[in-house]
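Student: Hi! I have a new structure open and could use a guide. Can we go through it together?

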Amino acid sequence: MLGLIATLAATSGAAVPALAQSGNSQYSIQEIVDAGHGFFGSTSGGLAKVVEKAFERYGLPNGYILGQEGSGAFIAGLTYGEGDLYTKNAGQHPTFWQGPSLGLDYGGQGARTMMLVYNLPSVDALYRRYGGVSGSAFIVAGFGMTVLSNNNVLLVPIRTGIGARLGVNLGYLKVTRSPTWNPF
C-alpha cells in the first residue's frame, strides 16, 4: 500500500504525508527512558517513575518530542517551547509550541521537556491545538507530567526545570512547524 502511494505521488507531483503509524512504530519504555536519560542528564532520577506511570495509563507512544520551554504566569500565563519530534517511521521533525493559560497559577520556570505522543496518524496531524488542565507546585526543580488532547491524539509533557511555580490552570498548547510569538 505504501509503495502504491509513493508511486502515485511520484507520478502526480503530490507530496506523500509522513506516516507516523505503520508497522512497528511504537516505542518501548526502555527506549523512552534511554532517550530521556540522554536528554535530561543528571536530573533524570525521577524520570523512569514518571515514564512508567504514563506507560501504565496510556500504553506505548508512537512518537516523542525532546525540547525546552519557558513559561510564566500571574493568573494568566504563557508558554513557549521548541524541540524535535522523533518517530520510528517518519524520522525527526522540528517542532515549536506556544499557548496561553488561565487559572490560579503564579510563578515561572525554564524546563527541559519530553512529550510522549500517542495515536499520531501522521506528522501533519501533530500541528494543532491540545487542551488540558495543568497543576504544579515546586521550588527549584522537580518532574511533572500533564496530559493534553486533540481528538484521539494525546501529548503527555514530562518536564523538569528550574523556577518556582504554584497553581492550577486551564489552557492549551498550539504545536507548529515554525516559531511564532502568537500563542493563540
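Student: Which share of the contacts in the protein chain with a separation of 6 or more comes from residues 24 or more positions apart?
Tutor: Those residues account for 71% of them, where contact means heavy atoms within 4.5 Å. Before we go on, this is a predicted model: local features need pLDDT of at least 70, side-chain atom pairs count only at pLDDT 80 or more, and totals for chains, interfaces and linings use all residues. Residues are numbered from 1 along each chain as its sequence is written, and side-chain values use heavy atoms, with hydrogens and water left out.

Student: Okay, how many helices and strands are there?
Tutor: The protein chain has 3 helices and 6 strands, in the order α-α-α-β-β-β-β-β-β along the sequence. Helices (H or I, at least four residues) and strands (E, at least two) are DSSP runs, numbered from the N terminus.

Student: And how much of the chain is buried?
Tutor: Of its 184 residues, 44% count as buried. Buried means under 20% relative accessible area, exposed over 50%, and partly exposed in between (1.4 Å probe, protein chains only).

Student: Which way do β2 and β6 run, parallel or antiparallel?
Tutor: Antiparallel: 21 bridges join β2 (residues 91–118) to β6. Two strands pair if DSSP finds at least two bridges between them.

Student: What about β4 and β5?
Tutor: Strand β4 (residues 143–145) pairs with β6 in the antiparallel sense over 3 bridges, and Phe143 stands opposite Thr160. Strand β5 (residues 148–150) also has 3 antiparallel bridges to β6, with Leu148 partnered by Leu155. In the hairpin of β5 and β6, 2 residues lie between the strands, and Asn151 takes a positive phi near 55°.

Student: Switching to helices: at what angle do α2 and α3 pack?
Tutor: Helix α2 (residues 29–40) and helix α3 (residues 47–58) pack at about 145°, with their axes 10 Å apart. Axes are lines fitted to C-alpha atoms, for helices over the stretch in contact, and angles run from 0 to 180 degrees between N-to-C directions.

Student: Which residues meet there?
Tutor: From α2, they include Ile32, Val33 and Phe40, and from α3, Leu47, Val51 and Phe55 are among them.

Student: What does Tyr64 touch?
Tutor: Leaving out residues up to four places away in sequence, its contacts include Ile32, Asp84 and Leu116.

Student: Where does Asp84 sit?
Tutor: Asp84 is in strand β1. Asp84 counts as partly exposed because its relative accessible area is 24%. Asp84 and Ile65 are 19 residues apart in sequence and 5.3 Å apart in space, C-alpha to C-alpha. Beyond four places in sequence, Asp84 also has Gln92, His93 and Pro94 among its contacts.
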